[in-house]
Amino acid sequence: MNILVTGGSSGLGKAITQKLAEEKSNRVYFTYNKSEKSAKEISAHYANITEIKCDFCNKGDVKLLIDTIKQLDLDVLINNAYAYTPFAHFQKTASDKFLTSFQNNILPTIEITQATIDDFRKKKQGKIITVLTSHLLNVPPTGSAIYVANKAYLEKLTKVWASENVKYNI
């Protein structure tokens, strides 16, 4: 399978990338931003992995990734990347911080997923996995309003993607 993991060079994304790469028949692509050293180490360790530099806060990087997606013949997209959002109490968070975080996290995920769905529909199959957070089920930690709101948005959007594309085996 050809798999793209966004945010695949650190934390949970790194663990996902490495686990998928253990299956030699998988071709795993992953994005990284600030973790270049980790990305290079992962790529050096597995012959079936390719790292792709992509800063979700940079529209040019996202466009390049979308153009690259069309060449990868993906079977699976794992939406994991999330640009850091500083924790702050809700009442102390300026509303523009919500907008900026939405632009840096949600919009790139939407654009990448749309490009992937276009390819999946042509193939009449594909899988999309969106990494969320347990904070959607439990009491979220103090100061996590922006993060949890973004993840909730992605949760609902993922359900829309599923319902609109089930007839295409996605």
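**A guided tour of the cores and the sheet**

Begin by selecting L4, Y29, I52, L65, I69, L74 and I112, the residues with the most contacts inside the largest nonpolar core, which has 17 residues. A nonpolar core is a set of buried Ala, Val, Leu, Ile, Met, Phe, Trp, Tyr and Cys residues joined through side-chain atoms within 4.5 Å; buried means under 20% relative accessible area, with a 1.4 Å probe and protein chains only. In soluble globular proteins, nonpolar side chains tend to be buried together. The model is predicted: local features need pLDDT of at least 70, side-chain atom pairs count only at pLDDT 80 or more, and totals for chains, interfaces and linings use all residues. Residues are numbered from 1 along each chain as its sequence is written, and side-chain values use heavy atoms, with hydrogens and water left out.

Next, select α3 (59-72), which gives the most to this core, with five residues. Helices (H or I, at least four residues) and strands (E, at least two) are DSSP runs, numbered from the N terminus. Now show L65: apart from residues up to four places away in sequence, L65 touches L4, T31, I52, C54 and I112, where contact means heavy atoms within 4.5 Å.

Five strands form an open sheet in the order β3-β2-β1-β4-β5, with parallel pairing; two strands pair if DSSP finds at least two bridges between them. β3 (49-53) and β5 stand at the edges with a single partner strand each, so one side of each is left without a neighbour in the sheet.

Select strand β1 (residues 2-5) and strand β2 (residues 27-32), which pair over four bridges. Here the bridge partner of N2 in β2 is R27. On its other pairing, β1 meets β4 over three bridges, and L4 has L77 of β4 as its bridge partner.

Which residues of strand β4 (residues 76-79) point one way, and which the other? V76 and I78 point one way, L77 and N79 point the other way, and all are buried.

Finally, select β4, helix α4 (residues 95-123) and β5 together: they make a right-handed β-α-β unit. Right-handed means that, with the strands pointing away from the viewer, the path from the first strand over the helix to the second runs clockwise.

Conventions. Buried < 20%, exposed > 50% of the residue type's maximum accessible area, 1.4 Å probe, protein only.
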